Amino acid sequence: AYMSKTIDITNQSETKSTTETGEEKITATKTTGAASSTYKTYIKAPEGAQVYMDGSLIGTAPVSTPKVAGTHVITFTKSGCENKTYTVDIDDDNADATFSFPAMLEN
């Protein structure tokens, strides 16, 4: 047995759920936290470190990812170095976000 779900995400400020005949329909609407198709978040340093945003690997610095407004946890890992974690706030503006973090400390 399985359930079919339809998720409709639009740019509004309310969330509502409705049930239709035999199918659960979820409409999730939120103005923040949506990825921008135009703007990016750039992580320039520490170079060569693996970059995780909110627990998901996005690549090796320098790296970019679609801009998502809100509070995010950025973690860096690099062989021979201590892992480092930062919490950043990314503004919901019409511009790219660029971050450079300090060099990682060797173990």
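Which residue in β8 does tyrosine 52 stand opposite? Tyrosine 52 faces threonine 75, and that pair is a handy way into this structure. Keep in mind that you are looking at a predicted model.

- The protein chain counts 107 residues, and 26% of them are buried.
- Its accessible surface comes to about 7300 Å², with 47% of that belonging to carbon and sulfur atoms.
- Among the contacts in the protein chain with a separation of 6 or more, 42% are between residues 24 or more positions apart.

**A sheet to trace by eye**

- Look for the open sheet of four strands, which follow the order β6-β5-β8-β9 with antiparallel pairing.
- β5 and β8 pair over four bridges, in the antiparallel sense.
- The opening pair belongs with this sheet topic: threonine 75, opposite tyrosine 52, is in β8.

**Aromatic rings**

- The structure holds four aromatic pairs.
- In one of them, the ring centres of phenylalanine 76 and phenylalanine 101 are 5.1 Å apart and the planes meet at 55°, so this pair is tilted.
- Phenylalanine 76 sits in strand β8 (residues 70-77) and phenylalanine 101 in the segment after β10 (97-100), so the pair ties together parts that are 25 residues apart in sequence.
- Are these two residues buried or exposed? Phenylalanine 76 is buried, with a relative accessible area of 1%, and phenylalanine 101 counts as buried too, at 12%.
- Ring pairs also link up into a cluster that holds Phe76, Tyr86, Phe99 and Phe101.

**A buried threonine**

- Threonine 41 belongs to strand β4 (residues 35-45).
- Its relative accessibility is 0%, and threonine 41 therefore counts as buried, since the cut-off is under 20%.
- Which residues does threonine 41 contact, leaving aside its neighbours within four places in sequence? Among them are Met53, Ile90, Ala97 and Phe99.
- The contacts of threonine 41 also include Val63, Ser64, Thr65, Pro66, Lys67 and Val68.

**Backbone features worth a second look**

- Most residues other than glycine have a negative phi, and most peptide bonds are trans.
- Alanine 45 and proline 46 are joined by a cis peptide bond, with omega about 15°.
- Proline 46 is found in the loop between β4 and β5 (50-53).
- Another cis peptide bond runs from alanine 61 to proline 62, and its omega is near 0°.
- Proline 62 is in the loop between β6 (56-60) and β7 (63-68).
- Aspartate 54 is not a glycine, yet its phi is positive, at about 55°.
- You can find aspartate 54 in the loop between β5 and β6.
- With a relative accessible area of 44%, aspartate 54 is partly exposed.

Methods
Residues are numbered from 1 along each chain as its sequence is written. This is a predicted model: local features need pLDDT of at least 70, side-chain atom pairs count only at pLDDT 80 or more; totals for chains, interfaces and linings use all residues. Side-chain values use heavy atoms; hydrogens and water are left out. Buried means under 20% relative accessible area, exposed over 50%, partly exposed in between (1.4 Å probe, protein chains only). Contact means heavy atoms within 4.5 Å. Accessible areas come from the Shrake-Rupley method with a 1.4 Å probe; for residues, only the protein chains shown count as cover. Helices (H or I, at least four residues) and strands (E, at least two) are DSSP runs, numbered from the N terminus. Rings of Phe, Tyr and Trp (its six-membered ring) pair if their centres lie within 6.5 Å; planes under 30 degrees apart count as stacked, over 60 as edge-to-face and the rest as tilted. Two strands pair if DSSP finds at least two bridges between them.
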